[in-house]
Amino acid sequence: MNTPATERTNLLGLARPALETFVAQLGSRPFRARQLMNWIYKRGASEFAAMTDLAKDFRTRLAAQAEVRPPEIVSVQRSADGTVKWLLKADAAQAFEMVFIPEPDRGTLCISSQVGCALDCSFCSTAQQGFNRNLTTAEIVGQVWLAVSELAREDAAAGTPAAERRVTNVVLMGMGEPLANFRNVVPALDILLDDFGCDLSRRRVTLSTSGLVPQIYRLAEVSNVALAVSLHAPDDALRNDLVPINRKHPIAELLTACWHYLDEQNGRSVTFEYVMLDAVNDSPAQARALARLLKGHPAKVNLIPFNPFPGTRYTRSPAPVIQRFRDELLQRGVLATVRRTRGEDIDAACGQLAGRVIDRTTVRLGSKVIGVAVQP
Ligand code: SAH
C-alpha cells in the first residue's frame, strides 16, 4: 500500500545533498538524484511513472514514498498590466500569495517565505495580518515550480509561443521575512541556484530583508544570492518607527553587515529599498542624509512609491517629490531608480500582499481565555 500523501517526502523540499541521501535510503545510487532533479525542474514532471530513464522498481518505490507536490491554488487574479497573483493554500484556514510580473526583457516571480509576518513594519499590509507560520522549503520552492508550470500550461492553452512568459528572476519579496525563516529558506535558495534545480544565476535571485543583522552574517557563510535591504529611513529615530527591528539592529550595524555580505560573497552591490511616504521620509534633506550614508559604497537605492491598503495612515509621495528625491541621490553619486508599480488593480503591488492569515498569537490568546472560562 502506498504511504498516505501527507507522510510522503515532498521532493521539492530537498536540496541536492538531502535528495542524494533520500535516494540512497531507497536503495538507489546517489547520482540518481541529479536525474530526478532534471525531471522535476527541467521537465516539470511530477509523476514518477513518466521518468522513464529511472529503473522501474526505483520508480515504484518513489511513488510509494515520495511526491512532487506544489502548494494548491486557491485563486488567481490577473492585472490589466499582465501581472498575475496566485493565492496559495497553507492549510484549511491559511493562505499566502505569489506574484508574477512580466516585463519585456524578463519575468520576475515574487514569492513568500512566511504566512504573515511578525515584524510589524508600520506601512506594510502583511504586517497587519500578524504571523502564522514559516513556509517549508517545499512550499517556497513549490511556488517557483508551480508558477513555471502554470505559466507554460496557460500559454500552451492560449496558443502563445512557448517561453513567452518565462520566470527569469525570483525575488523573496512576498509575504514574510525570509531571514526569520532561515532554516527553510537557505535550502530553497540552494535549489533555485542548483544547475540541476531551477538553474538561476545568483544575480537573478534576490533575498529582501528588513534587517535581521545576525542572519545577514550567517547568510554570508552559506549563500551568495543578491541582497536587498528595506531601509526606508536615513536615521534611526525615523527607522525605529517604520521598521521596528531597527531598535534592535540600528542602521550603522545593518550597513556594516551589508558591506560584510558583499565582501564575503564577492557581490556587486546591495539594493536598498526605500518606500516613499508622503511627508514622512521623502524630503530633500532626507535624501541628502541617505546619500551621506551610502556614498562611496556599492549600493543602489530602489524608491518604491507607497502602495496604500485599507486602514493605513500613510499616503504616497507625489511623483515630483519622488523624482526630486531620486535626483538628490543621483547628484551625490548614489545610484537610484524608481520602482514601477505593477499589479495595483489586483492588490499585488509591494506591501499589498495580505493572503489569508490567522495570527497565531491572537488564536493562542483566544484559546487561553476559553480555557480559563471552561475550567472549573
Ligand atoms: N520582509 C522582507 C521581504 C518583503 S519585501 C523585507 O522587509 O524586505 C517587500 C518590500 O516592499 C519591502 O521593501 C517592503 O518594505 C516594501 N513594502 C512594504 N509595504 C509596502 C507598501 N505598502 N508600499 C510599498 N512598498 C511596501
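The lining of the largest cavity comprises 16 nonpolar, 10 polar and four charged residues (Ala, Val, Leu, Ile, Met, Phe, Trp, Tyr, Cys and Pro count as nonpolar, Asp, Glu, Lys and Arg as charged, and the others, Gly among them, as polar). The model is predicted: local features need pLDDT of at least 70 and side-chain atom pairs pLDDT 80 or more, while totals for chains, interfaces and linings use all residues. Residues are numbered from 1 along each chain as its sequence is written, and side-chain values use heavy atoms, with hydrogens and water left out.

**Cavity**
- The structure holds one cavity of 30 Å³ or more, a cavity being a set of points on a 1 Å grid over the protein atoms alone where a 1.4 Å probe fits but cannot get out, with lining residues having an atom within 4 Å of a point.
- The space in the largest cavity is about 520 Å³, a volume being the space filled by probe spheres set on the points, which are joined across faces, edges and corners.
- Of its 30 lining residues, Cys124, Met173, Gly174, Ser230 and Gly351 lie nearest the centre.
- Two or more lining residues come from each of helix 4 (125-129), strand 10 (205-209), strand 12 (270-276) and strand 13 (299-305); helices (H or I, at least four residues) and strands (E, at least two) are DSSP runs, numbered from the N terminus.

- Beyond its neighbours within four places in sequence, Leu11 is in contact (heavy atoms within 4.5 Å) with residues including Leu36, Ile40, Phe48 and Leu62.
- In helix 3 (residues 56-65), Phe58, Arg59, Leu62 and Ala64 are buried, meaning under 20% relative accessible area, with exposed over 50% and partly exposed in between (1.4 Å probe, protein chains only).
- These buried residues pack against helix 1 (16-25), helix 2 (32-42) and strand 2 (66-67).

**Strand 5**
- Seven of the nine residues of strand 5 (residues 95-103) are buried.
- Strand 4 (residues 84-89) pairs with strand 5 in the antiparallel sense over six bridges, where pairing requires at least two DSSP bridges.
- Strand 5 also pairs with strand 6 (residues 106-110), in the antiparallel sense over five bridges, and Val99 stands opposite Cys110.

**Positive phi**
- His232, not a glycine, has a positive phi of about 70 degrees and is buried at 3% relative accessibility.
- Asp347 has a positive phi near 55 degrees and is partly exposed at 40% relative accessibility.

Definitions and conventions. 1 Å grid on protein atoms, 1.4 Å probe; cavity = no way out; pocket = protein on both sides within 12 Å on 5 of 7 lines; lining within 4 Å.
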